[in-house]
Amino acid sequence: MATYCLTVARLQLVLGQGARRFHVAAALNAKAKVAMSRFEPNSSINYDQLRSNIDIVRKRLNRPLTLSEKIVYGHLDDPAGQEIVRGRTYLRLRPDRVAMQDATAQMAMLQFISSGLPKVAVPSTIHCDHLIEAQIGGAQDLQRAKEINQEVYKFLASAGAKYGVGFWKPGSGIIHQIILENYAYPGVMLIGTDSHTPNGGGLGSICIGVGGADAVDVMAGIPWELKCPNVIGVKLTGTLSGWTSPKDVILKVAGILTVKGGTGAIVEYHGPGVDSISCTGMATICNMGAEIGATTSVFPYNHRMRTYLEKTGRGEIAAVANENQDLLVPDSGCHYDQIIEINLSELKPHINGPFTPDLAHPVSDIGSVAEKNGWPLEVKVGLIGSCTNSSYEDMGRAASLAKQALDKGLKCKAQFTVTPGSEQIRATIERDGYAKLLRDVGGVVLANACGPCIGQWDRRDVKKGEKNTIVTSFNRNFTARNDANPATHAFVTSPEIVTALAIAGTLKFNPETDFLTAPNGEKFKLEPPTGDELPARDFDPGQDTYQHPPADGSGLRVDVNPQSNRLQLLEPFDKWNGKDLEDLQVLIKVKGKCTTDHISAAGPWLKFRGHLDNISNNLLIGAVNIENDAVNKIRNILTGEFGGVPDVARYYKKHNVSWVVVGDENYGEGSSREHAALEPRHLGGRAIIVKSFARIHETNLKKQGLLPLTFSNPADYDKIRPDDKISIVGLKSFAPGKAVLRFLSE
């Protein structure tokens, strides 16, 4: 009898195989109920408390601490009693604040409403950035979004007012840029319902992406649980110059660590090379750390952060940070679990893709690599901006290239779009002439929103299924993510390289060595991009788009129309009956990469993020079925017919057949969207069994009552067939660290 192991949370579970029916010994993540704390948030900066907690932990551990350890352990609920072992124990933490983007805020606020609490316990904000589709241009697209999403925006604004949550209106900008400009500061701990929340690490913050249920815990005043992270150190030496940009640092790191190499770890940048990177450049690097699976990323406090704080109206914070700088840098002699060294003086411009953000290539090689692999060489569209690369510096460097081309009479051969990260950035680049240069070279300035980066793009220049190439300064390039076309080859790189390739119109162009031809026949090279780190004058704040909650919102109402197809009040899931889970049908055995985009697609589905039943109609429609290599086509075991994944799941639910999903490596990588956990729970799922999980998705599954199980021997994935049944037994007697083996055959 062959056996293999499954693990969930802190327990090891054993599964025996025989015949074609399995019985799995497993365990529920039975988290003890925590009484509501009387913790009252202090929105002011309290380095005294941080210092006190760090001192307690340092004495207990008796060793130097990394920067991330200082900030994380400095936010422990019980620094004196908390067991602290990297990679093993679970920490109970008290984050300082919560941020939610509008697509995930809908479900988070619906869950908070279900709690019955009158007001959030920590400062919290909602940011309207995900529901604005790029179609024509900024002003028109924003107005259209306000009309289409009026019901959702009204719900979020009214829920924010009632429960004490700040509301950033549509057009404000992308959540991560708003956080960097307003809320992040050295030493703060912030959680956000978006996987790219780590962007704030560029300002010395520990900012972590979570699902909505985790955010609700913190808003309810309950300590937040996080597995004690390992720490990966990235030592930077040398100096950035020429065509090399901060984006190239994380593109290089992604190529080294891959999409799962950072799982369970915080990436901590240090070394003399740090000082050659701007604050917003550091944010770019931290932002895309999500693509290596890292819990978050962080830089040590330095003069670049101080300058940024002063320029964004937070000079008082900079002054206090200066006085407490010892808390905001790593201790000498601290230990990293892994160290990567990068010499910035030797780093070359990179471009990663297609279809995965860890397939790294030097820009000088991409033309030949594309030819060898049959990737389309023509660049159809270049897209700059997004939460990763939309700073004043980014836009300035791109504009410097646009000016060079215009001076020679050239415009972009490819289509070109520009997404400002915030209203403040939009207003400032308009004032300083950058936006005009980018428009004159052929660009379309889009709304201050996520737009094409998350699939909110009404793209019409190619047909679905038509093979083509786009280059972006975004962070993620999974299949069909940007435009819903699985044949689109998307590459991620810096805004400077995007702009150069859009001007040249081909992947074969290397701006460091190749020449362009002006209309008069003159050959010329683009000079390396230049741009000010921050505006010489202060930022122009643009329009006021923030709604502060009233002091007392108890008298306000939040109405949800029962007939709405956008919003739906939540009903509790069925409770566990205390019995083992017998004869669970395999719904689908997923082949290969399965991101949250595959599990719960974005794009046109974003409009249903507040309606669980409707959004569940996209469950796993992008996942590849190992039985037939098809997407959204699985066998209904009860009827023998093939159907869509959500259709079969609904059929099973109707006929009281519970089910499981079997998956591959790094299952659930990508977005923090908890809909990828809510949907399978809603449609009758009981467990997800895979080779390995991405951190946020595993947590989301636990929060929604689904067992996240992993094979101890990944090869055992091959032993399960798509038509198998699995039983999970031993649920009554499980205990941490206990292994249970039970095999039953028919």
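Start in the largest nonpolar core, which has 162 residues; select L236, Y269 and F299, the members that touch the most others. Such a core is a set of buried Ala, Val, Leu, Ile, Met, Phe, Trp, Tyr and Cys residues joined through side-chain atoms within 4.5 Å. Buried means under 20% relative accessible area (1.4 Å probe, protein chains only).

This is a predicted model: local features need pLDDT of at least 70, side-chain atom pairs count only at pLDDT 80 or more, and totals for chains, interfaces and linings use all residues. Residues are numbered from 1 along each chain, and side-chain values use heavy atoms, without hydrogens or water.

Stay on F299. Leaving aside neighbours within four places in sequence, its contacts (heavy atoms within 4.5 Å) include L67, G201, V274, I277 and M305. Now select L619, I634, A649 and I688. They are among the 25 residues of a second, separate core.

Next, show helices α10 (residues 303-311) and α11 (residues 315-323). Helices here are DSSP runs (H or I, at least four residues), numbered from the N terminus. The two pack at about 155 degrees, with axes 7 Å apart. Axes are lines fitted to C-alpha atoms over the stretch in contact, and angles run from 0 to 180 degrees between N-to-C directions. α10 is therefore roughly antiparallel to α11, a term for angles over 145 degrees. Select R306, L309 and E310 of α10, then G315, I317, A318 and N322 of α11: these make the contact.

Finish at helix α14 (residues 423-431). Its buried residues are E423, Q424, I425, A427, T428 and I429. Their cover includes α6 (175-182), α13 (392-407) and α15 (434-440). After α14 comes G433, with a positive phi near 90 degrees.

Note on methods:
Angles under 35 degrees count as roughly parallel, over 145 as roughly antiparallel, 65 to 115 as roughly perpendicular and the rest as oblique. Buried means under 20% relative accessible area, exposed over 50%, partly exposed in between (1.4 Å probe, protein chains only).
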